[in-house]
Amino acid sequence: MIYTVTLNPAIDKTVEIPSFTVDAVNRITRIQEDPGGKGINVSKVIESLGGDSVAYALLGGDAGEKLLKLLSGSRFPVKSIRTDRATRTNMKVVDPVLHTNTDINEPGGYPGDQAIAELTQDLEERLKEGDILVLSGSVPAGVNKEIYRELARMGKERGARVFLDADGPLFCEGLKAAPYLVKPNQYELAQYFGRPLETEEELLEAGRELLKKGISVVLISLGGDGAIMCRGGGYIRAESLSVPVASTVGAGDSMVAAFAYGMDQGMDFESAFRLSVAAGSAAVTCSGSQAPALELVRELYGQVKLRGGNE
Ligand SMILES: Nc1ncnc2c1ncn2[C@@H]1O[C@H](COP(=O)(O)OP(=O)(O)OP(=O)(O)O)[C@@H](O)[C@H]1O
Ligand SMILES: [Mg+2]
């Protein structure tokens, strides 16, 4: 089974405002509310690919209830851990005239030690050998930046393959537990190493350094430039796919979701990588954090061009 963890979920409230202007009164012409948070997005994409997952989420207040309701039509179960702090609402201002996207995100309130301990314990009881545990996204203000390291260690002890997709100190600390897979984008990787990573050789060197830490698979996503998978003694480079871009939000989540789905289905690494690149590219054709349709992922799968190399 695949378990996703969302410590900082949100209701994504997308509002359409033609000619959005700062320092002025703006009028909304359309409102849409979607369940959000990286782990939840990963579960949505796994569902879209035909797979199963369980989404763990810390939820609180009326917004938490609303988020559960928004997820009630999903095929994946939500394991909600209640907190005293209300779930965030993140505003996304879409301007169809000026073609801009503006995100206004709440930081999320501290959920309390109790809620985190409850989530950890529940997961620990459920995780079995061979499961996949996906740790992704930000954490609410006040939560220890070592949380992913602790969850990753626990997951590994239970025999699960831990996927980490986070940035800054969360990534840095999480790496210390040597997760099974990490998926930094180019910026996150350069931040971690504290040096620019522009050329393929520089990116591969960074990937190799992560493998030396005991990580089995390093997926480096390069936005519109494709992706690199480093593992064992070699790497595979995927060229980018040319697709119409509606919103790049959630491309990384789709990539993580597809790789987790592929591994869970027993695919080989090359096929899982191909699927993850196809899913990432399919995601950018969707608006907001909508999961890409399976038909499109299938179509793009056949178009992904790979080339490999060894040390
Ligand atoms: N403009 C694009 N055109 C085609 N494919 C894209 C584009 N942007 C992203 N992708 C695909 O999606 C994958 C993941 O994208 P990206 O590197 O932007 O992830 P990310 O920065 O982690 O995104 P996020 O965290 O916002 O979900 C890329 O490796 C690529 O396969
Ligand atoms: Mg990302």
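P35 is buried (20 or more other C-beta atoms within 10 Å of its own, C-beta atoms being placed from the backbone), because it has 26 other C-beta atoms within 10 Å. This is a predicted model, with local features needing pLDDT of at least 70 and side-chain atom pairs counting only at pLDDT 80 or more, while totals for chains, interfaces and linings use all residues. Residues are numbered from 1 along each chain as its sequence is written, with chains lettered from A and ligands numbered from 1 in the order in which they are written.

P35 sits in strand β3; strands here are DSSP runs of E, at least two residues, and helices are runs of H or I, at least four, numbered from the N terminus. Leaving aside residues up to four places away in sequence, P35 touches I11, I40, L67, L70 and L71, where contact means backbone-placed C-beta atoms within 7 Å. K13 is 22 residues from P35 in sequence, and their C-alpha atoms are 8.8 Å apart.

Next comes helix α2 (residues 61-70), where A63, G64 and L67 are buried. They lie on the same side of α2 because they cover an arc of only 105 degrees around the axis, taken from the directions from the helix axis to the C-beta atoms. D62 and K69, on the other side, are exposed, that is, with 12 or fewer such neighbours within 10 Å. The cover over the buried residues of α2 includes β2 (10-16), β3 (30-36), β4 (53-60) and β6 (88-95).

As for ligand 1, 22 residues surround it, the closest being S221, G224, A251, G252 and G280; the cut-off is a backbone-placed C-beta atom within 6 Å. Elements giving two or more residues to this shell are α8 (251-264) and α9 (269-283), and α8 supplies the largest share, 4 residues.

Conventions. Two residues are in contact if their C-beta atoms, placed from the backbone, lie within 7 Å.
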